[in-house]
Amino acid sequence: MTAASATPLSKIDHITPGKTIIVRDEEWLVTLVEQTADGVHVHARGQSELVRDTTAAFYSALDRIEVLDPAQAEVVADESSRYRRSKLWLESLLRKTPIPYGDGSLAVSHGMLVDRLNYQDIAVRKFLNADNLRPRILLADTVGLGKTLEIGMMLSELVRRGRGERILIVTPRHVLEQTQHEMWCRFGLPFVRLDSEGIQQVRQVLPATRNPFTYYKWAIISLDTLKQPRYSQALRKQRWDAVVIDECHNVTNSSTQNNELAEVLAPNTEALILASATPHNGKKESFGRLLRLLDVTSVTPPNHYDSQSVEHLIISRHRNSPEVEQEVGHMWAQREEPQIIGAAPSPAEEAIAEVLATEWLHPDPAQPTTSVDRLFPWTLAKAFLSSPAAFEETILARRGNLASKLLNPKPAASRTAPTPLATSGTILSRPAPTGQPTKQSTEHSDDTTGMSAEDTLAYVQKVRTEHAGLEKLLELNKQSMREESGKFLQLVDYLKSIGVKNRSDTRAVVFAERVATLQWLQEKLPKALGIRPEAVAIMHGGMSDTEQMALIEQFKLGTSKLRVLVTGDVASEGVNLHARCHHLIHYDIPWSLIRIEQRNGRIDRYGQEHNPQITYLLLDPQNKQFAGDIRILQRVLQKEHEAHQELGDAGSIIGEYTVGREEEAIRDVLAGKQQLDDVFHSTEEILASDSPEAILAKLGLAPDGSGAVTAAGDDGSASDDDGDVSDGGMFGFTAPHPASTPSTDVEDGIWSLYESDYQFLLEALYESFHNVPQNSPEAGGVGLKVDEHYSFASIVPPLDLKQRLLRLPQEYLRESNILEEFKFATTKEEGKRQLKDARDGKGINNSTWPVTHYLGPLHPVLEWAEDRALAKLGRNKVFAIKGNVNEPTVLVMGTISNKRGQTMSRAFYLVKFMDFGGFVSPTITPLPDLAFFGDGDGVRPGLSASWSGGGCRQLPAAYSPGVVCYGGADGGAFLCAAG
């Protein structure tokens with residue numbers, strides 16, 4: 001490297017963040033400048049076409065770094081018809097310039113494929129509130145309100161503000177594909193899914209020493225994958241512009257891998273979005289830990305916070321919140337009253353219920369207990385209420401567990417030989433079942449370590465008693481399995497009554513806790529219903545993430561043969577099953593309101609067009625004690641429905657906030673240790689406390705879900721019906737209200753010289769491809785095709801666009817042929833129709849990927865078109881056109897950037913050059929926006945004038961344009977735009 005190629009010392013001071021530089025004949029935006037012993041170390045992001053979306057670092061001692069000086073811009077007359085080039089260049093420049101972070105307007109999210117809902121706008125505005133040093137929020141909306149859509153809107157606005165270069169979404173593994181699908185199809189945000197297969201693909205491409213999280217800008221990955229220790233070091237070294245942690249309640253427990261992962265991600269990202277309908281476990285400490293991830297100052301030592309101190313960090317609403325209910329009624333059918341259907345047990349089931357009640361659950365106090373473990377009888381009861389298959393699995397697992405203990409009782413005095421019982425008899429005749437024993441069947445093991453020999457013999461005698469009881473139940477259950485289960489018959493009758501049959505589109509979700517029950521139902525239901533075996537499928541946690549996601553997508557497809565999805569609680573979080581289903585059956589009842597509410601939310605959510613019907617099936621035995629237990633469960637279900645209506649959160653009425661602790665509380669009620677009314681809390685009691693549930697409940701009861709009493713600003717002005725914030729808006733900043741502009745879709749901060757994104761794309765294609773974009777690539781075009789109703793179009797991507805499209809979701813690329821022909825919908829109506837068709841099985845290769853992709857504001861094709869348009873003018877040149885002005889006038893756009901190159905402020909000014917007898921003096925007028933272009937004779941649609949360039953001259957260097965200028969010279973008027 002020679003000295004001549006280094007940057008002159010006189011130029012080094014001009015290199016600052018936000019400046020455009022020329023290095024190696026390419027344009028770069030400076031994002032960071034670091035001083036070194038022999039010059040500066042410049043970090044930059046590629047701006048020109050060849051280096052677009054890349055980052056690089058340059059040393060002034062090694063590279064010649066030239067700062068682009070707008071004062072040297074050359075004014076060029078625009079001779080195109082209707083000044084098409086100036087209009088196209090100006091629009092492209094404005095699209096490429098990030099919106100300042102402090103601008104509270106919603107610039108692009110309304111242009112996405114979502115219904116405009118004011119309560120979602122409120123959430124996005126709160127996230128973007130300039131009062132927050134960094135955009136951070138906890139989305140605690142109840143199940144079904146559309147948190148994924150709110151996340152997509154937030155990320156879209158960040159990207160438009162230049163704050164979304166690197167984004168990571170962390171979700172449960174079974175919703176990876178669902179989240180990826182929503183981000184791409186609705187928002188045009190192409191996240192790469194790094195599931196178990198995706199990680200392997202990346203590792204095949206990258207060297208072993210390369211950080212896998214630097215390969216893709218936008219990635220979506222499961223919590224289970226990301227928390228693995230092998231990724232922790234790579235994560236610590238990676239900074240993100242935004243991180244999303246979905247179902248964030250999974251990261252609240254300290255000293256867990258999940259929490260450690262969150263503690264690594266939170267400080268390494270500027271924007272953080274946490275989402276969960278149940279974001280705490282009832283403990284102030286764990287909820288405070290979650291809040292500190294967002295803002296360490298929100299919680300004061302030792303662990304103090306209240307609704308006022310954290311209001312700016314939380315959004316919490318539920319289905320029946322006033323601002324939600326008035327907007328979603330037409331797109332979220334009200335839930336029907338839940339059905340609790342009692343099923344008469346078979347004779348064998350009656351006999352089992354009698355034995356369980358009298359010998360296991362409620363034995364005579366004067367008699368020895370049947371089980372050595374006081375909790376195990378309730379595990380047996382839950383298994384019995386699930387299915388004969390689950391009951392048998394639990395008995396066999398327990399018997400095997402007891403056998404292992406008897407083989408090695410470990411008394412304290414000495415290790416004695418195994419007792420005769422431990423080596424003979426039926427206790428060892430059948431081993432425990434293999435496969436996937438559930439927690440309930442194995443958690444009640446008994447350790448005899450430390451027992452004396454006398455105690456060990458007494459323990460063996462107790463085991464004899466329990467073993468005999470297990471054998472008795474096992475024989476009764478064999479008879480039960482030969483008979484038809486009463487609850488199963490009731491399920492079959494119910495499914496038939498709602499129309500589940502061949503050649504019917506009626507679908508149902510059946511939830512059960514035990515894998516044995518799922519498998520048993522899958523085996524029996526097809527024959528009982530008279531439907532094909534492929535019409536019934538099961539899903540459980542033992543399946544891989546790809547298997548789970550494929551099954552969920554199959555259930556959503558209109559052309560799928562699947563009619564009954566029998567699933568465990570792996571599908572109770574985050575999975576959307578409402579597109580083609582409004583029937584949900586609880587085949588067994590969780591002893592947890594949280595679990596019940598999560599299950600119900602799979603079909604009771606925004607977008608549900610039919611009234612959701614929730615049905616509970618309960619055995620109804622004749623034994624009074626067992627029947628009393630069933631009545632308690634019925635009351636629990638009624639309490640869940642009441643809490644859903646009043647608070648939108650059933651978890652708060654018990655106040656335990658974990659499934660396990662809620663089950664313990666219900667079990668204590670069933671065992672007679674507590675009264676049900678003592679376990680449940682009233683709404684008044686909840687609101688009067690300072691607990692996390694009280695904070696969320698208060699926020700949820702506020703009209704806007706933000707904790708404020710009203711949606712009014714400091715001066716009492718309220719938001720309008722469209723969600724635009726009036727002057728002195730509710731979050732302490734003022735959003736602009738643009739006047740009428742050429743755009744036909746003016747919403748919030750959206751402003752455009754074109755009627756639509758589609759019209760802009762057409763202009764860019766005609767300009768970039770010499771007015772023949774319809775020609776084949778071989779003939780200098782892109783094979784542009786437009787349908788007669790202008791509802792969709794297609795192009796053959798050229799090489800530079802293909803390179804950009806390679807970053808799209810890999811599954812989408814594999815299914816489609818977009819590298820050969822990219823079809824896109826040009827209106828929201830067509831985009832929605834394409835999404836619906838995809839759900840109906842008319843997507844790409846019968847998948848849920850739409851054949852025609854919606855052309856939203858952030859679509860990669862539009863981004864490519866913007867770069868193409870900007871490249872047509874050339875470096876550091878400006879256009880000049882005629883305009884209706886009396887003196888030379890310059891339109892200046894000024895921006896201020898931070899050290900990371902992010903736009904912090906943007907302003908427009910009109911600078912008029914008044915000639916006072918040879919003395920030129922500028923007058924400066926600030927502009928709130930560029931709406932005047934649509935009111936006067938600027939570059940608006942329909943302007944018919946053209947200009948050959950006569951009379952165009954350079955402005956004085958001191959007043960050279962920063963971005964756009966228009967004015968008159970030698971009697972002629974012109975407009976010019978600077979690069």
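Let's start at Gln180, which sits in helix H5 (residues 176-187). Keep in mind that this is a predicted model. Gln180 is buried because its relative accessible area is 0%, and the cut-off for buried is under 20%. Its side chain makes a polar contact with the side chain of Glu811, at 3.2 Å. Setting aside neighbours within four places in sequence, Gln180 also touches other residues, among them Phe191, Val192, Arg193, Ile220, Pro809 and Trp849.

Now for the sheet. Seven strands form an open sheet with parallel pairing, in the order S9-S10-S8-S11-S12-S7-S13. S9 and S13 are at the edges with a single partner strand each, so one side of each has no neighbour in the sheet. Further in, S11 and S12 pair in the parallel sense over six bridges, and Val244 stands opposite Ile273 in S12.

Helix H4 packs on this sheet, and its direction makes about 170° with that of S12. Here are the strands that H4 touches, apart from S11 and S12:

| Strand | Residues |
|---|---|
| S7 | 136-139 |
| S8 | 167-171 |
| S10 | 218-222 |

H4 (residues 147-160) has a helix partner too: the axes of H3 (residues 118-128) and H4 come within 10 Å and cross at roughly 45°. That angle makes H3 oblique to H4, and the crossing is right-handed. On the H3 side, the residues that meet H4 include Tyr119, Ala123, Val124 and Phe127, while the H4 side includes Leu149, Met153, Met154 and Leu158.

Technical notes
Residues are numbered from 1 along each chain as its sequence is written. This is a predicted model: local features need pLDDT of at least 70, side-chain atom pairs count only at pLDDT 80 or more; totals for chains, interfaces and linings use all residues. Side-chain values use heavy atoms; hydrogens and water are left out. Two strands pair if DSSP finds at least two bridges between them. Helices (H or I, at least four residues) and strands (E, at least two) are DSSP runs, numbered from the N terminus. Contact means heavy atoms within 4.5 Å. Axes are lines fitted to C-alpha atoms, for helices over the stretch in contact, and angles run from 0 to 180 degrees between N-to-C directions. Buried means under 20% relative accessible area, exposed over 50%, partly exposed in between (1.4 Å probe, protein chains only). A polar contact is a pair of N or O atoms within 3.5 Å; within protein, one must be able to donate a hydrogen and the other to accept it, and residues adjacent in sequence count only if both atoms are side-chain atoms. Angles under 35 degrees count as roughly parallel, over 145 as roughly antiparallel, 65 to 115 as roughly perpendicular and the rest as oblique. A crossing is left-handed if the near helix is turned anticlockwise from the far one by less than a right angle, and right-handed if clockwise.
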